[in-house]
Amino acid sequence: MLQLDEEATRRPVGWLHRLSRSHLRDRVVDLLRHHRVVVVQAGRGWGKSTLAEDVSLSFGGPARWVRCAELLEGGLEESVAGGPGLIVVVDAEELVHHDGLARQLRRLAETAEDVPGSGVAALLLTHGALPGTLRRAADELRIAVLTSSDLRLSMGEVEELRSRSAAANPLSATEVMRLTGGWPRGVGAAVQLDAHNPRTVDLLDDAIESSVMADLGEAERDLIIRVSVLDSADPATVAALLGEEAGRTWERIGRLHLPMVISEGGRLTLRPPLRDYLRSELARVHPGAAEQLRSAYLSHLRAHGALVEVIDWYLDRGSRAQALDLIVEAADLDLDPLLLDQAFDRWAQSLGVDALVGRDATAGLMIRVLHRRGQTEQAALLGQQLIDEGRMQAILEADPELRPVVVYCLHNRPEVALRLLPQALGSYSLGSIAYSVAVTGSTRPVEPPDRAEWGDLAIHVLWGLLWQGRLQEAIDAMTQDGVVTEPTSSLALAALWSDQPALAEEVYRRIPKSDGYPWAQFVSAALALHDGDHQRGLRVLSAAMPAAQRQQAAPTFETLAACLMLKAGDTRRAIRHLETRLPQHQTSGRRAVGEWAQFILALGYLEQDRHDAAAQILEPAISAMEQAERFLLLSAARLAYAEASARGGAPTQVVRRLLDTALTTRAGVGSSYWEREALLHARELRRLGLVDGGEQTSSGPDVRERAPAVAEPVGLPGGPVGRLSTFEQPAALELDGIRHPLGRTKLAELIADLAVHGGSVDRAALQMRLFPYVGQRSAGNHFRQVLFKLRELTGVVLDRPSRNEIGWPAGGTLDATDLVVEAQLRRLLTQARVDTEALRAMLDLMTGPYLSTSELSWVVERRQLLNLLFEEGVLRLLRDPDGSVDLDIVRIYGMRAVVLSPYSEDVYRLMIEAELDRGSAQRARAVYRRAVHAMKDLGLEPSGEIRALARRLGQRLSAEQGTQGV
């Protein structure tokens with residue numbers, strides 16, 4: 001047998017000898033001793049020969065390096081006859097493809113079984129892909145096969161080589177691995193690169209040319225150069241761009257397992273150094289081909305719906321304008337939402353959020369993405385910005401399907417959301433959606449639409465009826481002669497929470513069940529709560545939570561979970577569960593769910609006898625329910641509040657009044673189910689004999705807070721002279737010529753209350769007016785804090801004329817702008833011919849709503865009274881029979897009137913008339929549209945007088961602009 005010389009057979013990567021790769025050497029030696037035959041299959045530059053040389057020195061016995069042709073001519077038998085030792089076959093491409101190889105390898109491997117320790121083994125080195133015959137032989141005979149992944153250098157080895165680099169500014173080990181993927185020959189070149197000396201890049205190019213390109217035929221070389229225009233490609237893409245033969249050639253290149261080429265699922269990706277080298281070759285060999293191939297590739301992607309990849313392509317190359325145009329196009333297409341959501345962050349980072357918001361289509365797309373991610377507040381902020389910029393209407397007209405998304409995201413801005421709802425969308429009224437949004441998220445009461453207007457959105461209306469406590473109304477709407485006509489989760493809950501569990505069970509059985517619709521599981525958990533099977537309910541909710549989160553319903557599900565924990569006796573867990581989530585629930589845009597969570601949390605506090613915490617959490621919830629007329633939980637919450645007050649030591653008379661309020665404000669609304677839950681915690685009410693078995697033992701009048709009668713300001717010489725500016729924000733108290741802004745609403749409420757009562761009031765009554773939803777003891781504590789703040793801010797110390805009274809300091813005077821305005825307006829409006837100058841002076845004092853930040857019921861009533869007086873004053877000012885009122889006066893005072901009283905049709909009519917007679921048709925149209933929107937909020941149409949003015953306006957616009965209508 002011919003012994004080959006070292007130069008011809010071995011081309012070891014010499015610098016690899018600097019590394020101690022004993023772990024790899026020992027592994028191969030061990031494999032040779034157990035398997036007899038080891039095949040190392042890797043491309044050029046992977047250190048196969050260096051590894052073989054190291055193994056041959058450790059295996060034991062002589063190592064014979066042979067030509068592949070000689071081995072094939074004499075066969076393995078002759079080589080084995082040479083005695084124990086290692087046969088190393090270099091570049092054994094022909095050998096591994098030889099038809100008789102499997103048979104001869106079988107014979108050699110069998111000697112390992114027949115003659116253990118015989119010491120004959122073969123190490124085959126090849127950089128070609130293994131044929132099927134060898135793969136099958138390897139499986140059958142346990143022939144060991146190592147590939148390039150076994151020879152790849154580790155990060156530690158790269159760092160060791162880098163530390164020995166002669167380069168002044170070598171690349172980091174991480175960067176070297178990114179560039180080379182651990183390919184030894186490439187690493188050897190990369191660690192010599194100098195970050196500040198671009199000429200050293202030739203070292204890496206030389207490695208690529210000699211170890212990557214050398215194995216390629218002419219057609220393969222030309223193809224990989226052309227395809228380098230792309231970052232990666234699969235055979236189908238290459239075939240589409242360059243023909244079927246090119247696709248087959250690309251598959252063949254993939255089977256070569258070239259260094260610097262990543263193969264994943266048939267797609268080949270070129271590492272940056274190889275890609276850059278090939279692109280430079282493309283520019284040299286085929287000038288102009290790169291742009292043609294890019295254009296063809298992008299057309300191919302767009303033809304196959306891969307618009308996201310096209311956008312990323314442009315962004316990667318800095319083509320921002322083209323990318324932004326394509327994102328606008330993508331917003332109008334029905335692309336995969338998941339793909340869009342993943343890509344949007346990349347686009348925002350590359351282009352900047354302002355660029356995306358600047359285009360209507362991409363701004364709408366951003367709202368969709370934020371909504372799908374559950375980032376409702378961010379979507380609402382963006383929606384509000386677009387509304388403020390006057391762009392939202394155009395966006396919604398261009399994309400009508402975006403409207404429900406925007407309305408949903410604006411739940412915590414219901415007044416804004418409702419203005420975005422047109423009269424109709426498609427074939428059905430949007431009144432149902434408007435109602436649902438308003439009930440769950442608004443601070444104002446709202447009436448449901450007529451049954452005929454529900455259309456196919458009954459589920460939304462039922463959800464609203466549920467929170468309004470109109471449970472029987474919801475049941476009646478969805479049943480006929482006791483038979484359920486349309487089973488929904490809201491109907492099941494309405495039945496369950498009105499103590500009709502059999503009906504709830506029937507509805508639940510008929511609700512469609514699917515993984516993507518979690519509300520059936522919600523009803524199942526609610527039924528489990530009713531049946532006392534708390535652990536089952538918790539398991540059901542846990543399984544449904546992922547779907548609930550996708551539907552933005554997590555707060556609702558989490559609150560029911562807290563109910564189950566509380567009923568299961570795990571009070572601490574229930575409280576902790578809600579306390580950590582309550583801030584999110586209260587800002588989620590669904591106020592109704594937040595109030596429910598507050599109620600359940602209060603029950604938990606009562607369970608722990610933390611009555612002060614229960615009262616504190618219930619106060620804002622009760623106030624919000626009352627204001628919005630969400631009656632589902634109102635009576636139950638008031639019962640819990642009465643219990644908390646009783647435990648806090650409130651007088652029995654106060655507790656009785658609270659209890660009477662809780663049980664007399666129900667008129668066919670509310671939930672007996674939740675009232676019973678509240679009464680289960682009412683041990684103190686039972687001890688006092690106020691409730692017995694869930695029923696009230698005494699009754700009394702419906703005690704509700706009324707606005708105090710207005711009294712004339714009182715003055716006593718010698719004390720502080722104060723005037724409260726009640727129309728400013730914040731309110732301000734002027735004392736002896738010095739102005740003190742009142743940053744706290746309670747301070748303004750206290751002084752305003754004293755002013756309307758003439759300066760002196762009953763202390764206990766004043767406390768309960770300022771803090772109507774706490775017990776007498778808590779109200780006293782809060783009241784003392786307010787008095788301290790008043791003294792700290794202004795130096796005023798209120799007098800105590802008697803044990804039960806409190807008032808303005810003796811010898812002083814207290815007045816308020818609202819008292820002056822009210823008295824003067826009433827006087828002026830009774831005059832036969834009004835003094836317009838005096839009237840304007842009084843109107844000018846009303847610079848805004850009365851105590852605009854206060855929500856006390858008597859303040860709200862007084863605010864409405866003053867707004868009506870202002871409206872009457874404006875009407876008197878604008879109704880000038882001589883027509884001499886200046887047009888600017890009409891505009892200024894008319895607009896102020898409709899801001900304070902947005903439903904004043906008479907003011908709208910006078911403003912439109914003035915604009916048509918003496919002003920601008922465009923301004924008249926703007927006022928008309930505002931009037932129409934205001935009337936629509938009340939469910940009304942403009943009056944005949946307004947419609948007549950609209951016809952005049954249409955005629956004028958037609959004459960001026962050649963257009964018809966308003």
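Reader: Is Ala348 buried or exposed?
Author: This is a predicted model, where local features need pLDDT of at least 70, side-chain atom pairs count only at pLDDT 80 or more, and totals for chains, interfaces and linings use all residues. Residues are numbered from 1 along each chain as its sequence is written, and side-chain values use heavy atoms, without hydrogens and water. Buried means under 20% relative accessible area, exposed over 50%, partly exposed in between (1.4 Å probe, protein chains only). Ala348 has 16% relative accessibility, so it counts as buried.

Reader: Which residues does Ala348 contact, leaving aside neighbours within four places in sequence?
Author: Ala348 has its place in helix α20, residues 337-351. Helices (H or I, at least four residues) and strands (E, at least two) are DSSP runs, numbered from the N terminus. Contact means heavy atoms within 4.5 Å. With those neighbours set aside, the partners of Ala348 are Val353 and Leu356.

Reader: How many bridges join β15 to β20?
Author: Strand β15 covers residues 721-725 and runs parallel to β20. Val721 stands opposite Thr813 in β20. The bridges joining β15 to β20 number four.

Reader: What percentage of the chain's residues count as buried?
Author: The chain has 51 helices and 20 strands. Of its 966 residues, the buried share is 52%.

How values were computed:
Two strands pair if DSSP finds at least two bridges between them.
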